[in-house]
Amino acid sequence: DIEIIKEILPNIYINTRNPVDNIELYTELRSSGCIGIKQTWDQHVEKVESSLQIDTKTIFTAQKILDEKCGIWKVSGGTHSAAIFSREGELIAFYEDIGRHNAIDKIIGHVYINRIQPNNCFLVSTGRQSAGMLLKMIRAKIPIVISNTAPIAQGIELARKFNITLICFAREPKLSVYSNRQRII
């Protein structure tokens with residue numbers, strides 16, 4: 001339905017054949033903070049099934065490991081990081097990138113290239129946990145997501161609906177669990 005795409009930096013303008021209804025209801029899906037793609041969350045998405053449980057000591061230890069490995073961030077203050085950990089809290093992979101979405105994509109790629117069972121792992125990340133971020137975890141089947149910063153309301157809603165344990169503001173000695181608390185022992 002796109003008629004014209006016009007680039008006038010830093011903006012891109014798109015004209016469609018038909019008016020776009022309810023644009024304020026569009027949800028972030030695969031963007032890095034832009035409006036994203038209109039769709040329902042039920043398309044091609046299944047609940048995450050996992051028996052994984054971890055304790056708060058493991059969460060805080062993993063958060064410290066992530067913080068220690070953020071070398072580019074320590075110099076520039078301009079990157080995001082993500083790490084995937086085993087059930088026992090052992091670091092499997094760490095990636096740092098200018099975009100929080102990119103760091104997560106690198107982790108998911110690592111998991112699949114190396115045939116790691118994602119439902120037996122948990123992810124620790126910097127950056128807000130939006131709907132787009134949570135949808136990546138849901139599709140990748142990662143059951144526990146931990147961040148040192150804030151969640152966004154749609155991210156919390158998705159985590160609850162699709163059985164992800166979402167933990168934010170994970171800064172020892174406190175953390176906030178927004179969904180599926182049963183995985184925290």
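Predicted model: local features only at pLDDT ≥ 70, side-chain atom pairs only at ≥ 80, totals over all residues.
A polar contact here is a pair of N or O atoms within 3.5 Å, where one must be able to donate a hydrogen and the other to accept it.

First, the overall picture. The protein chain has five helices and eight strands. From the N terminus, the order is β-β-α-α-β-β-α-β-α-β-α-β-β. The chain has 185 residues, and buried ones make up 43% of them. Its accessible surface is about 10400 Å², with 52% belonging to carbon and sulfur atoms. Now take contacts between residues at least 6 apart in sequence. Of these, 46% join residues at least 24 apart.

Now Glu172. Where does Glu172 sit? In the loop between β7, residues 165–171, and β8, residues 174–179. Set aside neighbours within four places in sequence, and Glu172 is in contact with Phe60 and Lys64. The C-alpha atoms of Glu172 and Ile59 are 9.0 Å apart, yet 113 residues separate the two along the chain. The polar contact I promised runs from the side chain of Glu172 to the side chain of Lys64, at 2.9 Å.

On to charge. Side chains of opposite charge can pair when their charged atoms come close. How many salt bridges does a search of the whole structure find? Four.

Lys64 and Glu172 form a salt bridge, 2.9 Å from N to O. Lys64 is in helix α1 and Glu172 is in the β7–β8 loop, so this pair links parts of the chain 108 residues apart. Lys64 is partly exposed, at 45% relative accessibility.

Next, Asp105 and Lys136. Their closest N and O atoms are 2.6 Å apart. This pair joins two helices: Asp105 is in α3, residues 100–113, and Lys136 is in α4, 31 residues away. Asp105 is partly exposed at 37%. Lys136 is buried at 17%.

Then Lys141 and Glu46, with closest N and O atoms 3.7 Å apart. Lys141 is in the loop between α4 and β6, and Glu46 is in the loop between β2 and α1, so the pair ties together parts 95 residues apart in sequence. Lys141 counts as partly exposed, at 26%. Glu46 counts as exposed, at 56%.

Last stop, Ser86. It lies in strand β3, residues 80–86. Is Ser86 buried or exposed? Buried, because its relative accessible area is 12% and the cut-off for buried is under 20%. Beyond its neighbours within four places in sequence, Ser86 is in contact with Ile92, Asn120 and Phe122.

Key: Residues numbered from 1 in each chain as written. Heavy atoms only, no water. Helix = DSSP H or I, 4+ residues; strand = E, 2+ residues; numbered from the N terminus. Contact = heavy atoms within 4.5 Å. Buried < 20%, exposed > 50% of the residue type's maximum accessible area, 1.4 Å probe, protein only. Areas by Shrake-Rupley, 256 points an atom, 1.4 Å probe, with all protein chains shown as cover. Salt bridge = Lys/Arg side-chain N within 4 Å of Asp/Glu carboxyl O.
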